[in-house]
Structures are given as structure tokens and as C-alpha cells.
Amino acid sequence: MHTIKAQLTPESSATDSHSYRWLQLENGLRVLLVHNASSKQSAASFAVNAGHFHDPIEAQGIAHFLEHLIFLGSASYPEADAFANRINNSSGHFNAWTGTEHSNYYFACAANDFSDCVKHFSSLFKEPLLKQEWVNKERQSIEAEYRLKLKDELRRLYEVHKTTANPAHPFAKFSVGNAETLADTNITIRDRLEDFHQTFYVANNAALVLAGPQSLSELQDIALAQFADMRAGEAAITLPAVPIYQEQHKSCQIYVRPIKQANRLILTFPLDEINSDYLHKTTSFLAHLLGHEGSGSLCYFLRQQHWIQELSAGGGMSGYNFKDFHLNIQLTDLGAENIQHVVQACFQYIRVVAAEGIQNALYNERKQMMALAYQFPEAIQTVELASQLAINMLHYAPEHVVSGDYRMDGLRDDLARVTLSKMVPENARITLIHPQAPVNQKTQYYGAEYKIEPLSSEQLSILKQPVPKTLQANFQVPATNPYTPKRIVPLPIAEQLQSEATAVQNQQCERTGYYPNKLSSPAGVTLWHLQDAHFREPQAHIYLSLQLPLANASARNHAISRIWCELGQELLSEQFYDAEVAGMHFNLYPQQSGITLHLSGFSDRQPALFKDLMRSLAALRSSKQHFHTVRQQLQRNWQAIHQNKPINHLFSLLHHQLQHGAYTAQQLADSIVDLDFEHYCDLLPGMLRDAQAIILAHGDIEQETAGELATWVAQTLPVIAEPKAKVSRSVKRLNSGVQTVPFLNEHSDHAFALFFQGQNTGLHEKAHFLVLNHLFSARFFHSLRTEQQMGYLVGSSYLPMHGLPGLLCYVQSPNYAPADISAAVEDFITQFLAQLATLSTADFVNAQKAVLHHLTDSAPSMRVRAQRYWSSVINNRGDFELANRVAETVRNITHAELVAFATLRLQSERCAMALADNLV
């Protein structure tokens, strides 16, 4: 009988609905059990203390390679698609990732299948097959993934970072791998995989999370039954105690020439590791101070000079013996001409923070917000929670695996000052990413052009000087935040609403009549409201959409609306940054129907903030310089899309071909070539006129308050008017057959997509396409990606357009021409239809169950519920029952009906569009 070596209950919030139990099995495996009675799914995550830092020099990328192979069969379940089929048949999903020091595998499934799924899951780690056939095929997949990212700017910058670090540090290794680094040598790659697995995939070097509606005792029994016999092994090999940078890698300038237009400055300060400081989060506190965007901050000053668009602080790699602390700055063209002053300002502000910012009051303010986040955490899917906690188990003490992310136990004054003392020119790595950057070297794998040179004594002296007094840099640390929530209990709610919410909770689905109500509102305003009685937390979501009939009448109008949103978001972020810090978030973005403002977070001052935001937007008057900066950046982004993943451009082109008001990136870029500031100011009022407002107020917000906001919008915004013209929402109907659409592709990979359009918007059509997609997608991926290795980006998805359903399948390939991909897709469709005709009753029923789970699953959080309600308001005109009606139709589909439907839609009466580069 298996025994338990240690056991405890981790600390968690009093408001946390989960129950936890931490165990250590006799073999050394750390296990966290998570009970959530309301969850319909169960989930598991297995984290290994091994990542690319542990790769042998002779086989760089092997940790990533093993991650690809783990799911492809075990001794007990030898078929490569056995685990995928099991999870797919259980309405679930699975995935994995490899990091620098850890790898993480996770899945979700129906709760009643959990024990069998965990049994299968455990076998993948205890006895992976690592079959030579799949080693050969997945090596092609690794090569395809590597080639896919050859022009990826982040990968290229990452390699420059590695190349300019200490070659003896594991960070310098090539993490992804390719066909060359994973080739057979005097030792076969399969033997190396076996050795890596035997060394690291052992109980003493791993952590397991099991989560679901099962009791803690039931989850414990599953863990013992499936993982107690895992080989104990040893903890991970100690990584080398060498610094990530040698002296020549610090106090230096690094120049990087990007492929696409980019203008970025990164100041990197090498620090000691921060894992041991998780109870205090000193660097996180310093990042808050240095990255502040309010008046008196570094960001505020640089924006006032029109030198930067964005600034963030604190990001950067972190590992077992190092932390890179970044000041990451997106420059304007004017900023690129004043880099010396930008860098001087950075060091000057660091000195101000060191002198004035290490205050208990400021630290405690951050601590208070962290405590609120701990008390009212946003609920997430069970599988996401399991995955996060598995990694926490490798970082935190057992008692802190749940609370560790939120603990701020007091300001470590000495550590804060020591850390800031390292943020000086002598310890800095200053990286400039610019098309005209001087370069003299190339990196090995991605061919990134760069140059590294030391800072001279003269440069060091200049960088320590303050910016010229004429620039009036009146730096100061953040003041007390006026938006910190005072009320942290939800508002009282009517008994009727509370009983309705309880009924909904018992049924595990909000799609049962518990919906927002359409309230009486002024002309030109449509108001929906629901005071949520299920998620009883002091948070709310307010959506405001301005439906603009002319916003997408042309590419230029759409581009202007995007410019206005960018200018507006920057204004709001600058004026109301304190509100963001205090947990009230806002986002302004364009949609096909107009412009949307979304306000979320703590509800205490949310209505007042909503009015303040709208007043600022109504009075928005941008400067000419600011306009030109935003216009230029958007134009560059749109023009560069051909250099991005061609599959993304293909998706954009599909929507442009079929939806009114959808434009390609090139059309948007071309539309503003001659758009100057005066013309923009002349066109904007006309584009914004005759707006109709749609408001959704959901969460901890009373009906009376929602009504006041609707009245205030109608009275305050001059563009609100009686409906005169409707926003066009039309979809081009495809004729019978296949319409071909070629596109320009500047990427080395080829891309192909085939879209099958539904013939009507009825329930029958929607339901059949949903079930068809579920059966189609996993088989399509396994055939074209896993077996045929057509490319790394392979998939299919259900794709509705304004209620008209459809099915999209796509492939991006480094090795196959579009004609070859097209032939492979057609061959698959023929084989799929034959397989569908002989599908077992069990597989058909499982597909129905999976789709029903998707349609009827309850929202895990208020945010997700608000998103669903808003989608119904905007896309389905408030038809909240649509998913229920589609679900009922899915329940009544027969196997024979689906076979007939699939044959018509995918083959004999298809209405399809094929898109590809150089399609023949």
C-alpha cells in the first residue's frame, strides 16, 4: 500500500471557493489536490523541473523536442493519437510548453472520465514510447517551427540577447532546436531523448496538480493509484554557478537591426535572482515606481516631449541565479533623434526614486491592492488554475503554493536600495532596435544583425548628467492614489435576483433565463443591465458601444476610427493611470460597428470614473505631433503585415472578401498616406455623427445607477442621435463551387486556407457545423500536421460571420507549395467523409457531448460572463437564448443527418473559398 510522506493545507483566501491539500508521496512527488464543487470539468497538470537550460550542449533543443513527443504514445497506449482521442472524446483539451527551467503538461476533461484520463496521462511520463517513426516526424515539426520564426523579431532579439551573454551560462543555449542540433551523431537523438527523460522526468523532480469537483480524498486516491509507482530519481542537476554576463557584457551598447520597422530602446540592468524574495516582491514594487505613467513620472515626461509611445518597467528574463530588469521603451522618430536625453532621463528618474520612493506608504498601497486581488481573485478555468499552481509548486514553499503570488510581507528597504544602486550606467546594457542601427555581426540561427560595443568613459559621464533644464523635467514619485477602493463589499441585492442566481448556479449554466434586462432609456441609447447575484464581488463591467453608420463605410473611415481610438486610449491612460493601478481598467477599441469603451474592475468609484473618461474623450483634442506619431506607427504596422505570418494575412483577407466593412492591412495603410492633421480634424466630426449608444452594465452595479449613466451619455455626448441609418452587417454569399483568391506573400513559408460557408443562419445549420467541426478538427490536425508533417501551423475552426456559420481549415508550410497543400486537404476531406460514415455510435455521442459542453458551460468568472452577454448584445441583438436553442438542436442531430450534411457542405454542394499565395 502506498503511503504519504508529508501533508499540509496551504494557506488560501477566506473567499476562495476551492479546497486544497498538499502532499508529498513516498517517491518524492509533490502533489496538490484542488476541490471545486461547482466545476463541471476536472484537470491535471504535471510540471517538471527541466527546461532548455538543462539541454546538453550536443543536443540543444532536446527539452522542447521531448515535450513534442510525450503525448505521442506510451507502452500502455501505443497509438500516437490515443491520448488526443481520449481527451477529445471527453469534451476536453490538452497542451504543453517548455521554458528555461521548467516544462508543463496539462489537460482538462469531463469530470466522470478523470480517473481514466489521469491513468493515461501518467503513463506518458512513466513509460513514453518515443517511437523512432515519431522521433523522425516530430524532428521535422521542430524544424518547421524554427523556420516559421526565422523572421520573428522577438526570436531574433532573443538570440542577440543570448549571443551577448556569457557563453558558459545555460541561457546562451539555443532553446528551440532544429534539424541540425537534433540530428543523430555518435549518439542517436532517440538515445539522448531517453537519457533526458530518465534523468529529469522522475518523481523527485516534478510536481502534480489534480483539480475538479471530486472530493480531496477521491483526488488523493487517483494520485496514489497513478503516480505512486513513478520512479523516484533525483532532484534536478544543479545548474552552473556562473554569472549570466561577464564584465564585457555590461556597461555596453547593443545595436539590433530589425527586419520590420521598429524603434525601441531597452535598458537592461542585471540583478541577482528574485525567486527567494517572493514574500516581499521588492523588484515588483520598484517596477511599479519606475513604470508609473502619472504626472511627474518618467513616462509622463518622455511623452510630453513626444519622444516615446510606451514605457514599461520590470520585465525581462528571470532564472535560478539572475534577473534582467528592463526599462522597455517604444520610441517615436523624434525620440530616436534624442536617445541621449531619453537615457539621461531614465537614470535621472532612477535617482529620484532611490532618494524619495522607498517609502512604506507607497509599498503598503501596492500591498493593499495585492491583498484585494487575493481576496477577490478572478476565477479562471480549472485547467488554467492547475497549470499555474503546478509551476508555483516548483517555486514556493508548500504552504504558499496558492498565496505566494499575492504575498507582500513588508518593504525590504536595504534590498530595494541595493537593487536601485545597480541601475547605473556602469551596470547597464543599452539596446537600440532601429532599421538604421549600425551592425557588424549576425547571430547563428536567426541571422539577426547586431553590434555590441562598450560605453566609453565619456559616454558614462554624459549619461549620469540630468537632462537639460530647459526641458523642465520635474520628476517626482507617485502620490497617494485617490482611486484606491474604499468599499470592498458588494452592494445589497434584491431577494428575487439572489434566488434566480442560486437556481442558475445549481444548474451550472447562466444561459437559463438569468440575463440582463433591457431598460427604458433616452432616445439614441439602448441600455442593458444585470446586477449579478451569483458573482458576489465588488466588481463590475460597463460596456459602451457607439454604433457609427459611417465608421466602416470606407477604409479611410476605419483607419480614422483606429487613429482616434489610439489617441483616446493614450489620453485616458495618461490622465487616469492611477485608476488602472487601483484595479479599474479601461480599453477603447474600434469594432466593425463603431467604437467601444470597456470599463472593468472594482465598482466603488466606477460610475464616476466612467463619466470622467467620457468627458475626456468628448474633449479630446490631440496635438499635430501626437497625431503624426500615431498615424505613422499604425501605417508601419499595416504595411508590415506581409512580413508577419502569412496565415494571419490570409485570415484578414478572408474577412475582407466576405464581410462588409472589413479591410486588408494594405488598404488601411494606403488610405492614410495623404491624411494630414487638418484633414483628419475635418473628417472626424462627420464620421462620429448620428451615433447610437448601446450600454451594458453588469456586476456590482444597481439598476438606478445604470439608468443614470444612460441618461448622462445621452445628455453629454453631442454625437448621440435618433437612429437614422443602420450599421451595415452583411456577408457576401459564395456561389456553389470553390472561389479562388491569391495573395501577395513576402514570407518564405507558403499558406493555404479553405473556407466552407454555411447556406443560412438557421439553428439546423449552426448546430450541424459545430458538431462537424468537432469531429473534423482533431483528425485534420493529426493527418496533416502529425502524420504528413505539412507544416507547423495546421488547424481548423468553426468560423461564423454575422451569424452565418462556416468551417475554416488552414496550413502554413515551409516545404509544400499551395497546390500540394490543396491536394492534401482535398484528399483528407474525402477520407474524412468515408470515416464519418462509419463513425461509431460512441464517438458520435461524445462529439455531441463536447459541443453541448461548449454551448452550456457556465462562465468561470464575472469577466467571462460579461463578455458573453456583450457578445449577445452586439452580435445577436440581445438574443441570450440562442446558445440554448442551438444546444437543443445539437441534441436532436442523428448520425445519418450529419453524414448527409457533411457530404453536401464539404463536397457535392460546397460553397467555398480557397486562399493561398500563388494559387494555381
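The phi of K281 is near 55°, a positive value in a residue other than glycine. Most residues other than glycine have a negative phi. K281 has a relative accessible area of 14%, so it is buried. Here buried means under 20% relative accessible area, exposed means over 50%, and partly exposed lies in between, with a 1.4 Å probe and protein chains only.

Before we go on, keep in mind that this is a predicted model, in which local features need pLDDT of at least 70 and side-chain atom pairs count only at pLDDT 80 or more, while totals for chains, interfaces and linings use all residues. Residues are numbered from 1 along each chain as its sequence is written, and side-chain values use heavy atoms, with hydrogens and water left out.

A second residue with a positive phi is L130, whose value is near 50°, again in a residue other than glycine. You will find L130 in the loop between α3 (114–126) and α4. With 2% relative accessibility, L130 counts as buried.

Now look at the sheets. Two strands pair if DSSP finds at least two bridges between them.

Touching, or contact, means heavy atoms within 4.5 Å. Over at β5 and β6, the pairing is antiparallel with six bridges. A hairpin of four residues joins β5 to β6, and F94 has F107 in β6 as its bridge partner.

Another open sheet holds six strands in the order β16-β17-β21-β18-β20-β19, with mixed pairing. Its edge strands are β16 (517–519) and β19 (584–591), each pairing on one side only. β16 and strand β17 (residues 525–531) run antiparallel and are joined by three bridges; the bridge partner of K518 in β17 is W528. Helix α19 (residues 606–618) lies across β18 (539–547), β19 and β20 (594–602), and it runs at about 150° to β20.

What about helices that pack on each other? Two packed helices are described by the angle between their axes and the distance between the axes. Helix α4 (residues 132–148) and helix α6 (residues 189–200) pack at about 100°, with axes 10 Å apart. The two helices α4 and α6 are therefore roughly perpendicular to each other. Angles under 35 degrees count as roughly parallel, over 145 as roughly antiparallel, 65 to 115 as roughly perpendicular and the rest as oblique. In this contact, Q132, V135 and R139 of α4 meet I189, R190 and L193 of α6.

Helix α25 (residues 763–787) and helix α26 (residues 818–837) pack at an angle of about 130°, and their axes are 11 Å apart. That is why α25 and α26 are oblique to each other. On the α25 side, L772, L775, F776, R779, F780, S783 and L784 meet A824, V825, F828, I829, F832, Q835 and L836 in α26.

Helix α26 also contains A819, which is partly exposed, with a relative accessible area of 35%. Between A819 and K151 there are 24 Å in space, C-alpha to C-alpha, and the two are 668 residues apart in sequence.

Technical notes: Axes fitted to C-alpha atoms, helices over the stretch in contact; angles between N-to-C directions.
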